[in-house]
Amino acid sequence: MRHRLAELRGPDVPAKALDARALAALAANPGCRRRAILDGAGVDKVRLAGALGAPSGFGQSQFALTRGNAFEARVKADGGAELLRLAHARLDPGAEPPEAAAVPDLTAHGPEGRTARTALALREATRAGGWTLLDHPMLALDVAGSLAFLEPDAVVVHPDGSWSVVEIKSFPMLDGAADPAKVGAAARQAAVYVLALEEVAERIGAEPEGHAGAEGDGGPRRQSAHGGTRAAVVRHRVLLVCPKDFSNLAAASAVDVRKQRAVTARQLARLTRIEEIAEALPEGTCFAPDRSAEELTAAVAAVPATYAPECLSACELAFHCRELAREAGAVTRLGRPLRAELGGLATVEEVLAAARGFSGDPDDPAVAALRRAAALRAEALESAKARAGAEVAACR
Ligand code: SF4
């Protein structure tokens, strides 16, 4: 399979490593086989979109990055005192207040070294009790047989030994609420970190002295009855920290990521079955960026996709896929809610044919609703025409 994926990527083209943003985007459009195979094969979608002549404006601006970094540094100043205060208030108000938290040094050589150092720090903090802040820890997640290295903004270890992911974002929280679309994207990203942390917790739990607790709502966990070893449990409520009402002050809320975690876990499990998608592709399919635009267009079109307007903020191929969806008359480009209403009708042509009574099962609720809507429209147009005729006659 590795060989087949390398062929799809192109000879001597290195695989692009997946980061949490890319993994989270998979969960944003779980039905898209095109994205699954491109990400699974490590294709650089930014270069591919450029070679297709449809570069995407997807990504963070330099200004947003700089502003985000400055806000994060402010939130983590003084040994993360403010961050831990927010974690205590929003996630664990029943625990002792974080007066003197530990902030272990996670410096190590290379991503593997940093991952090992993070796991060690998590184990020590879990056993020690009290509050610990891990600033930019490194986590590894097995994705389709290869490791993706992920770096959350922070992980907090609670006094009961449980762990929480912290996401620090630069979009504002106004009156305690932020833009739901941005919160959703942050939750999907945090869910990827939760999955990676769970792998660490499992390893720690498997050690003789460890004692892994049960999963659930992410609430406080028990202590081991023997030896005082605390449970290595990952909470499913993460801490989202944002600027408060456009100020420099920090506001935070607890976000439940159970749903996003489940979707992402399912997506990752599907990624390990990308063989099926690869096998269905025509012989010689290749996404190497040095191929001609025509060849690449044919290769991309060979993989079924489910374009949705949400792709515009989550996938580098969005402009290209939107064009293909428009040419095919696919109803997915009108948004998922409408797509769901239309049942099995996938194109505008099919919808119009069903509404006009040329095709479709009249017992199908979507077809019946379309015909009723078409009849009402015809009736309204007829009466408008009659009214206009009467007005013209009165003027004469
Ligand atoms: S932009 Fe295209 S490849 Fe990306 S998720 Fe949407 S449909 Fe799939």
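The ligand sits in the largest cavity. A cavity here is a set of points on a 1 Å grid over the protein atoms alone, where a 1.4 Å probe fits but cannot get out. To sit in one, a molecule needs more than half of its atoms within 2 Å of its grid points.

Some ground rules. This is a predicted model, where local features need pLDDT of at least 70, side-chain atom pairs count only at pLDDT 80 or more, and totals for chains, interfaces and linings use all residues. Residues are numbered from 1 along each chain as its sequence is written, and side-chain values use heavy atoms, leaving out hydrogens and water.

Back to the ligand. Which residues surround the ligand? They are Asn29, Cys32, Arg34, Arg35, Ala305, Thr306, Tyr307, Cys311, Cys315, Leu317, Ala318 and Cys321. Near means a heavy atom of the residue within 4 Å. Two elements give two or more residues each to this shell: α3 (33-40) and α12 (318-328). Helices are DSSP runs of H or I, at least four residues; strands are runs of E, at least two; both are numbered from the N terminus.

Next, helix α5, residues 62-75. Its 14 residues should span 20 Å at 1.5 Å a residue, and the end C-alpha atoms are 20 Å apart, so the two agree. The expected span is 1.5 Å times one less than the number of residues. Ala64, Gly68, Phe71, Glu72 and Val75 are its buried residues. Down the axis of α5, they fall within an arc of 100°, so they line one face of the helix. The arc is taken over directions from the helix axis to the C-beta atoms. Gln62, Phe63 and Asn69 are exposed on the other side of α5. Buried means under 20% relative accessible area, exposed over 50%, partly exposed in between, with a 1.4 Å probe and protein chains only.

Now α7, residues 110-128. Its buried residues are Thr115, Thr118, Ala119, Ala121, Leu122, Ala125 and Thr126. Glu112 and Ala128 are exposed on the face turned away. Gly129 follows α7, with a positive phi near 80°.

Last, two loop residues. Asp12 has a positive phi, near 65°, and is not a glycine. Asp12 lies in the loop between α1 (2-9) and α2 (20-28). His136 is not a glycine either, yet its phi is positive, about 50°. His136 lies between β1 (132-135) and β2 (139-143). Buried or exposed? Asp12 is exposed, at 80% relative accessible area. His136 is partly exposed, at 25%.

Note on methods
1 Å grid on protein atoms, 1.4 Å probe; cavity = no way out; pocket = protein on both sides within 12 Å on 5 of 7 lines; lining within 4 Å.
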